[in-house]
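Please look at the sequence and the 3D structure shown below, and keep both at hand while you read.

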Amino acid sequence: MSQLRVNGVEKSRELMERARAVIPGGVNSPVRAFKAVGGSPRFISWAEGSRVHDCDGTIYIDYVGSWGPMILGHAHHEVVEAIREAAGHGTSYGAPTELEVRLAEKIRDFFPSIEKVRLVNSGTEATMSAIRLARAATGRSLIVKFDGCYHGHADSLLVQAGSGVATLGLPDSPGVPAAFTEHTLTLPFGDLEAVRQAFERHPEKIAAVILEPVTGNMGVVVPPREYLEGLLRLGDEHGAIVIFDEVMTGFRVAAGGAQERFGLKAPLTCLGKIVGGGLPIGAYGGKAEIMDLVAPAGPVYQAGTLSGNPLAVTAGLKTLEILERDDPYAALEEKTRLLGEGVLEQARRHGIPLQVQQCGSMFTAFFNENPVTAFASAKQSDTERYSRYFTGLLERGVYMAPSQFEAGFVSAAHSAADIEATIAEVGETLAEMAQDGPRAE
Ligand code: PLP
């Protein structure tokens, strides 16, 4: 490896031991523990551009990007400068600021379906609050979600939830009373007929249908436009609110998220990740008549001590301003296409069945004989192979998502040389895997 530096993992191992003594499983979010792929999680010391640096001094080309927020790359100088300046003005007031108004207006500019928006602190809070609002607006209880879609860890949404939950093999979680999830219907992703039947079976009972319009949490699956359009139509026909969870896809698959990409408008939208520019923000918004039910305009209670936090809002606002100014989306998509093409080419050369699925700058390499269209087909992927791929790349200085059921992210900071170097390392890793043969058999 010419431009990367790969050292040992002694310090990371030591830190993991200390972490396990004081933090459950040593991490503050499960997928970071590498349980799905094995090995020792790397403790990161700092990051810049397309690179993360671990505490043992290894430098990686990073495709996790903090799980999506870092679309401009790490430590973008303008974002960092804006945060620095904001910090000097005080870090939280618990009172309204002009910054919040500007961010809300900016969100509305990017997402024409969002007439009004409420800022919260995470994607989980956004989806949880949107569900409460949809239930209040319709006076109904049932919600429909889809197998393999993850919407954060709120009780009612922690059912068949893909990603970390799929990786850990928990269909849902202990500690969630059955009564909390009995109002959640889980249907296969991509099957419009199943949704139509659910509406027929539960007339005037379904408050909301929530989905990732392009999934990332079972890996990247891009549904046909007709599916999304059909869901919106069914929602309209049956008086249910369709919630596009664009926490991952918002400002990512296009400036205006999946809604811009597909030319659609959702009644309610959830945002997170990029909207906070790497600091904690979530948001939910949509039609004014629905949003005006939220307190204090209306009776639906939802609040937050740090909501609209000036540092987070500053980071988000600056990120959106740069995205608007630089419009990196075509370049991002092209870089990601080149990466995918290179990876596929290497897989073909070494006779390893692989599907690269991409939407904008989100991608997943599925070790699968067939294209993945839903969670059932995602689960057919060879996770053992993925682990070897992940580990081989990590040891060569390329940091992919530590689970088969996740999206990878390319940032504006990834250079053509980064993409080339990554493809070369993928080639070496797959060659090694092909030589070893399928370990599981
Ligand atoms: N919704 C989607 C689509 C997500 O991908 C995530 C997190 O990955 C969430 C909601 C939850 O967001 P957070 O982790 O900020 O609570």
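In which sense do E11 and E12 pair, and over how many bridges? E11 and E12 pair over five bridges, in the antiparallel sense. The model is a predicted one, in which local features need pLDDT of at least 70 and side-chain atom pairs count only at pLDDT 80 or more, while totals for chains, interfaces and linings use all residues. Residues are numbered from 1 along each chain as its sequence is written, and side-chain values use heavy atoms, with hydrogens and water left out.

**Strands**

Helices (H or I, at least four residues) and strands (E, at least two) are DSSP runs, numbered from the N terminus, and two strands are said to pair if DSSP finds at least two bridges between them. In general, strands of a sheet pair through backbone hydrogen bonds, either parallel or antiparallel. Here an open sheet is formed by three strands in the order E11-E12-E14, with antiparallel pairing. Strand E11 (355–359) and strand E14 (408–409) are its edge strands, each pairing on one side only.

Elsewhere, strand E1 (residues 44–48) and strand E2 (residues 51–54) run antiparallel and are joined by four bridges. Ala47 has Val52 in E2 as its bridge partner. E1 and E2 form a hairpin with two residues between them, and Gly49 in the turn has a positive phi of about 60°.

**The ligand**

The table lists polar contacts, which are pairs of N or O atoms within 3.5 Å.

| Residue | Atom of the residue | Atom of the ligand | Distance |
|---|---|---|---|
| Gly123 | backbone N or O | oxygen | 2.8 Å |
| Thr124 | polar side-chain atom | oxygen | 2.6 Å |
| Asp245 | polar side-chain atom | nitrogen | 2.6 Å |

Taken alone, the ligand exposes 390 Å², of which the protein buries 81%, with accessible areas taken from the Shrake-Rupley method with a 1.4 Å probe.

**Cavities and a pocket**

On a 1 Å grid over the protein atoms alone, a cavity is a set of points where a 1.4 Å probe fits but cannot get out, whereas a pocket is an open set with protein on both sides within 12 Å along at least five of seven lines; lining residues have an atom within 4 Å of a point. The structure holds four cavities of 30 Å³ or more, and the largest cavity has a volume of about 70 Å³. Strand E12 (362–366) and helix H14 (383–395) are the elements that give two or more residues to the lining of this largest cavity, and E12 gives the most, with three residues.

The second largest pocket holds about 400 Å³ of space. Among its 17 lining residues, Lys116, Val117, Arg118, Met291 and Asp292 are the closest to its centre. Helix H3 (98–110) gives two or more residues to this lining, as does strand E4 (116–120), and the largest share, five residues, comes from H3. By class, the lining of the second largest pocket has ten nonpolar, no polar and seven charged residues.

Definitions and conventions. Grid points are joined across faces, edges and corners, and a volume is the space filled by probe spheres set on the points. A polar contact is a pair of N or O atoms within 3.5 Å; within protein, one must be able to donate a hydrogen and the other to accept it, and residues adjacent in sequence count only if both atoms are side-chain atoms. Ala, Val, Leu, Ile, Met, Phe, Trp, Tyr, Cys and Pro count as nonpolar, Asp, Glu, Lys and Arg as charged, and the others, Gly among them, as polar.
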